[in-house]
Structures are given as structure tokens and as C-alpha cells.
Amino acid sequence: MRLFHALASPFVRKVVVLLKETGQETAVTLVPVAGNAVDPGTMPVAQNPLGKIPTLEREDGTALYDSRVICRYLDDRAGGRLYPAAPRLWETLTLEATADGIMDAAVLMRYEVITRDEDKRSAAWLEGQWAKISRTLDVLEARWMSHLSGPLDMGQVAVGCALGYLDFRLADRDWRAGHPQLADWYAAFAARDSMKATAPA
Ligand code: BEZ
């Protein structure tokens, strides 16, 4: 299989962490790509008309996307380790979607900064994206610490990758302020081999 990827993407990182945690690294060849909304460059438009990553091309040539579909597929292939049985499954999926929402908002902030000259950026729009992230961090701190401290699952992996992306691209926002339990949890989670090996640089 081929995974079209860029390691700076937190969505790609979810998939690569899953591959490492489930012992499937050798099953997938990583294909680096680059592009943007203006110029798709080498993005996998033949496999995914949206030209987005991660996209996974399977041995029979069929493609899977987005990251949640790919992660579910690869976990199933490994015997179902990171998506537990219901009813915990519903929490895991909700937590994964919550973390993906942080990534969505953070990546939009990143693109606003790198694709627009400073005088054309919307401060209100940037703050609106950060408000989404800030509210979500509050909810993780208030309601999700018990789940985060439970058995490893894809919800935890997604939160770890989302927080890692905040450190990578939005460090000046200091997400740890006001979220001490989440900060402690992340310090331990980021020390996993799978996370250390995939840290964006
Ligand atoms: C980044 O460089 O921040 C990035 C790259 C690819 C996808 C998303 C984010």
C-alpha cells in the first residue's frame, strides 16, 4: 500500500502513529507529496479528487480517505486494537472527531498566515478559529481526562497529534495555560516511541 503524506500534517501523523502502534509500518510505503489549494502540485488527485492527504492507495489500486477512514481500515486490518467495542467506541469516535476539529481549525489558521500578506489577514477570523480550539481544550480538560487516561485508543492518538500540532505551529498561543491535566497527560503521551518518531520538525 502507498500512503501519500507530508509529516507536518497532523492528520497524516495520526495514520503513521497508528501504523507504528499496530506494527504495520512495513505494509505501507510513504510517498511524500506537496501542494496547496492554488496549485495541487504533487498531491494525489488521481487517487483522491479532493487532492488531500492522507490518502491511502491499497494493493488493488483503490484509495481510502480521509484520516478517520484510513485509521479505521488499518486498525481493522491489524485485528481492531485502537477502536474498542461499543459502547466505549462511541466515546473513542467522538474524541477522535473532537481532536480532528482542533486540527482543522489550527491548519486553517496556519494557511491564513502563510497564504495571505499580513495586511490581508482577518484577525477576527483567526481569533474565531482559536476560540474553537480554546473551547475544545477546556472541554478536554473538564470532561475527557478519564477517557484519556484509559487504555490506548484512536481518540487518544488523535488528541496527542492535535496537541503536537499546536506546539508545532501555534506555540505562541500557549495551549497548556489553564489546562494542567491535559498538559501532564500530553507530556506522558508524547514520550511514546510512536509519537517521538513522528514529531514534526
Ligand atoms: C503544515 O505544514 O502545517 C501542514 C502541512 C500539510 C497539511 C497540514 C498542515
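**Reading a pocket and its ligand**

Author: The residues that line the largest pocket of this predicted model fall into 20 nonpolar, seven polar and eight charged.

Reader: How does one find such a space, and what volume does the largest pocket have?

Author: The general idea is that a probe the size of a water molecule, rolled over the atoms, shows where empty space is left. In this structure the largest pocket has a volume of about 1200 Å³, and among the 35 residues that line the pocket, Met43, Lys52, Ile53, Val107 and Tyr111 are the closest to its centre.

Reader: Which elements give two or more residues to the lining of the largest pocket?

Author: They are helix H1 (10–21), helix H2 (67–77), H3 and H6, and of these H3 gives the most, with nine residues.

Reader: What takes up the space of the largest pocket?

Author: The ligand does, and the residues around the ligand are Ala8, Ser9, Arg110, Tyr111, Tyr165 and Arg169. By class, this shell has three nonpolar, one polar and two charged residues, while helix H3 (88–115) and helix H6 (154–169) each supply at least two residues of the shell.

Reader: Which side chains have an N or O atom at 2.5 Å or 2.8 Å from an oxygen atom of the ligand?

Author: For Tyr165, the distance from a side-chain N or O atom to an oxygen atom of the ligand is 2.5 Å, and for the side chain of Arg169 the corresponding distance is 2.8 Å. Of the 260 Å² of accessible area that the ligand has on its own, the protein covers 82%.

Methods: Residues numbered from 1 in each chain as written. Predicted model: local features only at pLDDT ≥ 70, side-chain atom pairs only at ≥ 80, totals over all residues. Heavy atoms only, no water. Near = heavy atom within 4 Å. Polar contact = N/O pair within 3.5 Å; in protein donor to acceptor, adjacent residues only side chain to side chain. Areas by Shrake-Rupley, 256 points an atom, 1.4 Å probe, with all protein chains shown as cover. 1 Å grid on protein atoms, 1.4 Å probe; cavity = no way out; pocket = protein on both sides within 12 Å on 5 of 7 lines; lining within 4 Å. Sits in = over half its atoms within 2 Å of the grid points. Helix = DSSP H or I, 4+ residues; strand = E, 2+ residues; numbered from the N terminus. Nonpolar A, V, L, I, M, F, W, Y, C, P; charged D, E, K, R; others polar. Points joined across faces, edges and corners; volume = space filled by probe spheres on them.
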